[in-house]
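Please keep the sequence and the 3D view open as you read.

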Amino acid sequence: MTKLCVSNIRLKVFNTGICILIIELHNNDYRDFKSVKEINYLGRQISLPYIAKDSANIACAQEITWDFLYPDNKTYSFKEKNENFWKDPKGRRYILDFLENMIIDKKAKNVYRIKSSLDDRMFTCCLIQNNELSRIYGIDYKDNSIYDEKKYNQISESLYEYIYIDKEGGCSAATFSFRKEILDNSIYHRWTEFGTIYGASHTSLVAITGEGEFLETIITRPFLTQYVEIAILVLVQRTSILRFQKRIHGDMNNKKIQKLQSDYIDYRNQLHFFEVSSQEQGIELYELIRKQLYIEKEMEALGKNLEILYEKSNVDHGNKFNLFGVFIGFIAILSIVLDLIDFVLEREFTKNFCVQLELPKYVLLGIILLLTFLICFFIWRLAKRKWRLK
């Protein structure tokens, strides 16, 4: 059984309706690179990746135990979840409830619900302090011609597994040329030849550096206090953008559109920053993480959807104004027709007509306005129905 020390647990809540749960762990016992990869690969799952017929083959930890919260829910067994799925063939279903079991007391489970916003895996931030690994992986990854091809192939494969959270020997980019291209875009190259390697993917921010008090000051502390917070901010940006995307639909009324626009403006002003650090390294890592999480592409897609939504809102406003214009036009035409009748037949035709019907003139006018409104409403409904059919 692998045991890690929990140093801190934090929950950050943002005004876009997103919460980030941060679990900080220390690994003081498992120092080899293979063990680190295994811990990252198995420990970040919050649900079964798939339902396996053999519970021994599930691609996550068999069970996770914690002793820092409520004593009545210390262990969550993924193995048991997998087996229970096959026990009842009529009612097979799988509920993602790992986070609820870990955070919420049993007494409050019917009150609070936790829903994963992005994925079935936790975003992994990992820093390794090891002089040997720092020496092995501290090379120039942009120019591999100066290194032995076989050695560089092994190093790139192992580093890819670390950055993209694969198991030892389970590299998901087997083709060398493809892997090299991916690594070029995933590694922060500023300090690699000096033994400090940063890497970012859509599911991780990792680093390798040496040991010692000096590196503790200039590498470890900034990574834990600043760069992890940068990764959290970018995660919030991505999740908020996706949340805005889900809120957009064709049946939104003007009130909902105005609320969405107001929330989007608040998000742009409060969370969507151009830069978040005065350090060049912090700025560059921020851009790297944003690139790996597709922030600009998602923002571009959201912007296009919002433009379409605003066009729909403008069309709806235009239709309402058109209806009002038709109504006013009918009144104007009616008034002209009545004046024309008075002029052609006799000046007091309208008055005499009202006297013959024994109706006050304003009642006749009201009836005419009502009929005009009903005609306009019928035309508008007919036009709207035809537009929907199209």
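1. A term to start with: a salt bridge here is a side-chain nitrogen of Lys or Arg within 4 Å of a carboxyl oxygen of Asp or Glu. Please also keep in mind that this is a predicted model.

2. With that term in hand, look at E298 and R238, whose side chains form a salt bridge with an N to O distance of 3.3 Å. The pair links distant parts of the chain: E298 sits in helix α10 (residues 295-344) and R238 in helix α7 (residues 213-247), 60 residues apart.

3. Are these two partners buried or exposed? The cut-off for buried is under 20% relative accessible area. E298 has a relative accessible area of 19%, so this residue counts as buried. R238 is at 18% relative accessibility, and therefore R238 is buried too.

4. Now step back to the protein chain as a whole. The chain has twelve helices and eight strands. Of its 390 residues, 36% are buried. The protein chain exposes about 24300 Å², and carbon and sulfur atoms supply 56% of that area.

5. Contacts across the sequence deserve a moment as well. Among contacts in the protein chain with a separation of 6 or more, 63% are between residues 24 or more positions apart.

6. How many salt bridges does a search of the whole structure find? The search gives 14. One of them joins the side chains of K37 and E168, at 3.0 Å from N to O. K37 belongs to helix α1 (residues 33-43), while E168 is in the loop between α5 (149-163) and α6 (176-186), so this pair ties together parts that are 131 residues apart in sequence.

7. It is worth checking the surroundings of each partner in that pair. K37 has 1% relative accessibility and counts as buried. E168, on the other hand, is at 39% relative accessibility and counts as partly exposed.

8. D184 itself is partly exposed, at 21% relative accessibility.

9. A last stop for your tour is a group of residues.

Definitions and conventions
Residues are numbered from 1 along each chain as its sequence is written. This is a predicted model: local features need pLDDT of at least 70, side-chain atom pairs count only at pLDDT 80 or more; totals for chains, interfaces and linings use all residues. Side-chain values use heavy atoms; hydrogens and water are left out. Helices (H or I, at least four residues) and strands (E, at least two) are DSSP runs, numbered from the N terminus. Buried means under 20% relative accessible area, exposed over 50%, partly exposed in between (1.4 Å probe, protein chains only). Contact means heavy atoms within 4.5 Å. Accessible areas come from the Shrake-Rupley method with a 1.4 Å probe; for residues, only the protein chains shown count as cover.
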